[in-house]
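Q: Please guide me through reading a sheet and a chain interface in a structure.

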Amino acid sequence: MAVQIVMDHTGDSRHTFDPNDAKQLAEAERRFRELTGAGFTAAVRTAGGDSSQARSFDPTAEETLFFPRLVGG
Amino acid sequence: MVVWASAWLRERLRKRAIRTLFCRHKAYRTPQGRSIRLLCEWLSPEQRTQFARHGYFDFVGGETGSLYRIYAAASMNVVLLDQRKKENRGLCFLPMGELPVGDVMLAQKLALENCEPEALAVARHFMPRAFSLRPPNFGG
């Protein structure tokens, strides 16, 4: 199972999906587009423990984290 | 006597482990606790240790290779370090919305690692002389 983690006021909301299920995969891709379209940045963790920005939906990513748009403090 | 002491010690350690487990479980049910857990999941082992010991962690910016330090706070908590790891310049930026502190810190780290120019473009600068944030045991 793969997971999309969205930061929110509760800490985070997690959406798990089976990458082998076409319907769930389509829903995950829709969520990705919706969140990034709303200004969220998507980051994935690489095997080495580093992170990288996901600019498009990656169906093989096991864990994708979305954080909101940044503003100056 | 030795057998009794050993059993007493085992029982005490067992109770302490159970108490720790319950405390963590309770903490992880709160937004702050959940956000700190998420942050720790995304830190490297070295950063987790540094965070637990000092209340901050260091990392390298993805574009410039600059060294940054993030303190456990939700604002005015990001510092650019010089080559001697001295605090050089403070950067104040944060993700939109009411997010718990761990989420804010993780978003700041990921932003500087993966979209550093965008983060620097919105950040406001400050002099980091007044830093006294050293909350212990955040990293568990």
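**Strand pairing and the interface**

A: In β2(A), D12(A) is the bridge partner of M7(A). The model is predicted: local features need pLDDT of at least 70, side-chain atom pairs count only at pLDDT 80 or more, and totals for chains, interfaces and linings use all residues. Residues are numbered from 1 along each chain as its sequence is written, with chains lettered from A and ligands numbered from 1 in the order in which they are written.

Q: How many bridges join β1 to β2 of chain A?

A: Strands of a sheet pair through backbone hydrogen bonds, either parallel or antiparallel. Here, β1 (residues 2-8) and β2 of chain A run antiparallel, joined by seven bridges. Strands (E, at least two residues) and helices (H or I, at least four) are DSSP runs numbered from the N terminus; two strands pair if DSSP finds at least two bridges between them.

Q: What is the strand order of the open sheet in chain A?

A: The five strands follow β2-β1-β5-β3-β4, with mixed pairing. β2 and β4 of chain A each have a single partner strand, so one side of each is left without a neighbour in the sheet.

Q: How many residues of chain A are in contact with chain B?

A: Contact requires C-beta atoms, placed from the backbone, within 7 Å. By this criterion, 19 residues of chain A are in contact with 29 residues of chain B. β2 (11-17), β3 (41-45), β4 (51-53) and β6 (70-72) of chain A each supply at least two residues of that side of chain A.

Q: Which strand of chain B pairs with β6(A)?

A: β4 (residues 87-95) of chain B pairs with β6(A) in the antiparallel sense over three bridges; F93(B) is the bridge partner of G72(A).

Key:
Contact = placed C-beta atoms within 7 Å.
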